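Please have a look at the model below before reading my notes. I have kept them brief.

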Amino acid sequence: MKIEFKNISKSFGETIANSEISFSIDGGSIHAIIGENGAGKSTLIKILSGQILPDDGSIKLGNKKMLLGSTIEATNKGIGILGQDPLDFSNFTVLESFLAGNKKSSKIISKSKFEEIISTFSKKFDWEINVNSLIKDLSVGQRQQLELIRLLYLGAKIIILDEPTSGFSLDQKKKVFENLRDLSSKGYTVILVSHKIEEILEICNKVTILQKGKLLETLDLPINPKILIDKMFGPSSNVKNDYKKIEKKSKKNITIKIDKYSDIEKITLNEGTIIGVSGLQGSGSDKFVQSFYDDLSSSKVYYENEVQIPFSEINYVASDRLEKGLFPDMTIMEHIALAYNSKGLINWSNILELTKSLINTYGIVGTPQTQAKNLSGGNQQRLMLALIKENIRLLLLEQPTRGLDISSAIFVWESLLKTKSKKNLVIFSSVDLYEIYDYSDFIICFYDNKIVASGHKNEMARAKVMEKISGK
Amino acid sequence: MDSLELTVITIVAMSAPLIFAVIGETITERVGVVNLSMEGTLLITALTGFAITIWTDSLYLGILSSALIGGFIAFIIVWINFRFYINQIAVGFIFTIFLWKLSSYLGGDFVRIPGPYLNKITIPILSEIPFLGPIFFDNNILVLSSIILIPLSWFFLFRTNLGVNLRAVGENPIAADARGLSVMKYRFIYSVIGGILIGIGGATFSLEVKYGWSEGHTLNYGWIALAIVIFGGWNPVRASVGVYGFGILQVLSLKLQSVTIGLSQILPLIPFPLMILTLVLIQSANKNEGRWFPKPIRLLIFGNQPQSLGITYKKDS
């Protein structure tokens, strides 16, 4: 079924998320929507799925106008959405989560019937699942797969994927892509929202580019990736990873204790090293990074003379920015005051000066009075970087570029590397193997909550790392 | 009738209001709404049930009006929350105090009037069965319904698709909305149903347990009910076990009054520290996902609070 967007506009307060967007998506195609962070992709597809009511505009499915702002209408019309984070219920069992909102179930739940349905559908993905296991015990990839199965079972004909693949393992992703191709050949319409250009080129037929809430252009694929990047960020943008490495001046040794996660008791490295912890979602790599901050009994960093880095000189940057990293309702200025003011009273005029200069240095799009929750993901991450104090010696980063587009990601790393010389150690986790290879000196591979391999970057072949983190 | 049988019957009968209230609140909280007005609602509905019964001379009209008032109060709490985005706990708390004061103001004329009460429905022969007979076949309709409500509400919440939908709204309203469930509709309907049950609980107080009306008639049971909901891990069956356990301790203290004077004064106090202790246990079990408990105990005390409990839901933000 053809989907036609006409003059869709939506603003939140002063922020214009979508401005007069008009384009169409062919039935039976795999259509990509791309753009920088804050380009309005998520808003647009949430309008299609009925989660957001637009200020203006209309959507036609086939020849019929759709009632907007109603998820009931959208689900009835066969629109199913696979959210950025799985839209499910962590305390539920697989069966319950499958059944919530399910209009095809009888009033009284027939467990055996749905056990069979779930297993039939999961076979298509070479996947087995116990319907009694709890959602929170599954990996993000498994949860997304369950959601996909549910949408297909309910007869969704238009499937929206909103950057879902960050949680998928390589095998899962391959299977999911295979199935998406198969579905589109059967007449299903697939909409893929992503900022991973290689993914889009792999499976999509067409791509629509959004920029600052406006439609830029819809292109047929395949196309030279360079052209696509230029269009997304403008030709002057520099998306190559040509940062300058700062030479290590000191050669002091530093030791990290890791015996809880490995047979090896500790690793000794040069000061100033960047450690990349590679692992898929749910592999425990994030927990490992976090443990240096909140579980000092199991993971410690110390110098040769057994002196531990004091707690006040450790900074942990969580990947859940709004949940763990920032205070959603507090302004940028208040965050700065919290981080930098050490006296009993706050001198607000000084803090305002400092805030303005930090907003400038870190290129945050916002005013000192902007609340953290109203910043886009990339700007939230920039704010978190701005909060890292000068005297920090151990910097812990959990998925530092999760959900960021290329230009924000590069900015994050540039500013991290700039201050690298002052830090004794940086430890970061990432599901992105490219990021690991681009920025780390030492690589630790995680699988099933254990360190399965570790070594300096030049000793670790990319293929080997990929195997290790997939559990082979 | 021997004394043990009599004791069991007494416990079941005097627990009936708490069963209604606890199950009503469990359903309400499962859909993500906190009805903190429990104590106030119980008081005003206890008075309503009694007063209407005296005026109309109909016990059933009395119970019905209590149910309606209970449902109406729940409706107002949810309405204020959806219309003005005001915190449910704040509104509920104000309602508690308001309704408590209102009940003592309006109830002045009814204090210590000898009042009507529910008759037992006796089924011959079957009522002769020891224990079960007097409970199921020689009891009044409120006590009987309170017992039937326990498995019924459990089955509804955990074995029907509507029950799963309801809990889904309480767990993650954004996901529930994306699946085409109307969060507002679910929260209104099931909070009102929960409120109706709490209202019936109030009527049960004045028409079945403690006939008549006096100021502060419900003995702070509303607050206890709120705690028992947590103790029950938002499961009607486990919560009912808590209600009956509380009843046993209460009755025990009455029985022992004549035996040992010192002990009987301490026994009525026991449920409260016991409740704090169990709440602490449940909380710590949840924190570690219960790993350090043996499995049977874990299953018994492990319970997850609905994730969006008390959180205002605002679509389109």
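1. Basis. This is a predicted model: local features need pLDDT of at least 70, side-chain atom pairs count only at pLDDT 80 or more, and totals for chains, interfaces and linings use all residues. Residues are numbered from 1 along each chain as its sequence is written, while chains are lettered from A and ligands numbered from 1 in the order in which they are written.

2. Helix pair in chain B. Helix α2 (residues 38-56) of chain B packs on helix α4 (residues 88-106) of chain B at about 25°, with the axes 7 Å apart. Helices (H or I, at least four residues) and strands (E, at least two) are DSSP runs, numbered from the N terminus. Axes are lines fitted to C-alpha atoms, for helices over the stretch in contact, and angles run from 0 to 180 degrees between N-to-C directions. α2(B) and α4(B) are therefore roughly parallel (under 35 degrees; over 145 is roughly antiparallel, 65 to 115 roughly perpendicular, the rest oblique).

3. Residues in that packing. From α2(B) come residues including B:Leu43, B:Ile44 and B:Leu47; α4(B) supplies, among them, B:Phe95, B:Phe98 and B:Trp100. Contact here means C-beta atoms, placed from the backbone, within 7 Å. By class, the α2(B)-α4(B) contact holds 10 nonpolar, four polar and one charged residues. Ala, Val, Leu, Ile, Met, Phe, Trp, Tyr, Cys and Pro count as nonpolar, Asp, Glu, Lys and Arg as charged, and the others, Gly among them, as polar.

4. Chain contact. Chain B puts in 21 residues and chain A 22. On the chain B side, α7 (161-171) and α8 (173-178) are the elements that give two or more residues. α7(B) gives the most, with six. The side of chain B that touches chain A has eight nonpolar, eight polar and five charged residues.

5. Four-stranded sheet, chain A. The order is β2-β1-β4-β5, open, with antiparallel pairing. Strands pair if DSSP finds at least two bridges between them. β2 (15-25) and β5 (64-65) of chain A are the edge strands. Seven bridges link β1 (residues 3-12) of chain A to β2(A). A:Ile3 has A:Ile25 as its bridge partner in β2(A).

6. Three-stranded sheet, chain A. This open sheet runs β12-β11-β14, again with antiparallel pairing. β12 (266-270) and β14 (300-303) of chain A each have a single partner strand, so one side of each lacks a neighbour in the sheet. Neighbouring strands are turned by 25° against each other on average, direction ignored. β11 (residues 253-257) of chain A pairs with β14(A) over four bridges. There, A:Ile254 has A:Tyr303 as its bridge partner in β14(A).

Definitions and conventions
Two residues are in contact if their C-beta atoms, placed from the backbone, lie within 7 Å.
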